[in-house]
Amino acid sequence: MRTLHVGRNPGCDIVYDDLMVSRSHAFIRVYPTGKYEIINKGTNGTKVNGQLISSNVPYPTKRGDDILFANTSRLDWNRVPDPLKPYKLGLMIFGIVAVITAATVGVVKLIQNYTGSSDPIEQQVEQQPKESSTDTIKSVDAQDLNPVQPLTPTEIKPKKEIKKQDKESNKKTEQDHKTKETQSKAEEKKVESPRFRSRR
């Protein structure tokens, strides 16, 4: 808490060169919370907003109140320190920053609505052609036209089985040749037999 002395005495914090004002006319208490109190000490009295206050009794007041000493000298609040001034300044700066950010966001949204794009990055992505699912299926089919499929273990035959199959196939072909030869000989005999009978 800080106490300011008001009066005609040059040693006071707030000095009034007025004979109607007492040498130590009043005290003003300034609290860190922004609260103010005034205590009248002058013989010619002190008025707050037109109301005469009692002597030696703290009277609550606030910044901007009309305080008149001895009906002649009015208090200038600019001469009274404001403990909340740093906080007010900080709030004012915060409010200005908030207004600027809100304005920029609003302008960006307006531009986006006007251009019809939500985000320049999304716009670039939308401009790029998208591959449809059918295109991907076609590309997969084209790759699978000439597949190189490995043989399964069941399709791989051992060498012994291959040899046996070759022998069996050779035997069958030999038997087929023999049967064909015997059939051709029999047919030849049948054809020749009538000739010999006719000669006889």
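Reader: Why is Asn40 called buried?
Author: Its relative accessible area is 1%, and buried means under 20%, exposed over 50% and partly exposed in between, with a 1.4 Å probe and protein chains only. So Asn40 counts as buried. Bear in mind that this is a predicted model, where local features need pLDDT of at least 70, side-chain atom pairs count only at pLDDT 80 or more, and totals for chains, interfaces and linings use all residues. Residues are numbered from 1 along each chain as its sequence is written, and side-chain values use heavy atoms, with hydrogens and water left out.

Reader: Where does Asn40 lie, and what does Asn40 touch?
Author: Asn40 lies in strand β4. Strands (E, at least two residues) and helices (H or I, at least four) are DSSP runs, numbered from the N terminus. Leaving out residues up to four places away in sequence, Asn40 touches His25, Ala26, Gly45, Thr46, Ile53, Ser54, Ser55 and Asn56; contact here means heavy atoms within 4.5 Å.

Reader: What makes the link between the side chains of Asn40 and Thr46 a polar contact?
Author: The distance is 2.7 Å. A polar contact is a pair of N or O atoms within 3.5 Å; within protein, one must be able to donate a hydrogen and the other to accept it, and residues adjacent in sequence count only if both atoms are side-chain atoms.

Reader: How many helices and strands does the protein have?
Author: There are 4 helices and 9 strands. Going from the N terminus, the order is β-β-β-β-β-β-β-β-β-α-α-α-α. Buried residues make up 18% of the 200 residues.

Reader: On to the rings. Why is the pair of Tyr16 and Phe69 called tilted?
Author: The structure holds 2 aromatic pairs. In this one, the ring centres of Tyr16 and Phe69 are 5.7 Å apart and the planes are at 50 degrees, so the pair is tilted. The rule is that rings of Phe, Tyr and Trp (its six-membered ring) pair if their centres lie within 6.5 Å, with planes under 30 degrees apart counting as stacked, over 60 as edge-to-face and the rest as tilted. The pair links distant parts of the chain, 53 residues apart: Tyr16 is in the loop between β2 (14-15) and β3 (26-30), and Phe69 is in strand β8 (residues 67-69).

Reader: Are those two residues buried or exposed?
Author: Tyr16 has 9% relative accessibility, so Tyr16 counts as buried. Phe69 is at 0%, and therefore buried too.

Reader: And why is the pair of Tyr36 and Trp77 edge-to-face?
Author: The planes of Tyr36 and Trp77 are at 70 degrees and the centres 5.3 Å apart, so this pair is edge-to-face. Here, too, distant parts of the chain are linked, 41 residues apart: Tyr36 sits in strand β4 (residues 36-40), Trp77 in the loop between β9 (73-74) and α1 (85-115). Tyr36 has 1% relative accessibility, so Tyr36 counts as buried. Trp77 is buried as well, with a relative accessible area of 10%.

Reader: What makes you say that the charged end of Lys35 sits over the ring of Tyr31?
Author: The distance from the ring centre is 5.4 Å. A charge sits over a ring if NZ of Lys or CZ of Arg is within 6 Å of the ring centre and within 35 degrees of the ring normal. Arg79 lies over the face of Tyr16, at 5.7 Å from the ring centre.

Reader: How do you know that Lys35 forms a salt bridge with Glu37?
Author: Their closest N and O atoms are 3.7 Å apart, and a salt bridge is a side-chain nitrogen of Lys or Arg within 4 Å of a carboxyl oxygen of Asp or Glu. The count comes to 4 salt bridges. Arg29, Lys35 and Glu37 are linked in a network of them. Lys35 is at 41% relative accessibility, so Lys35 is partly exposed, while Glu37, at 11%, counts as buried.
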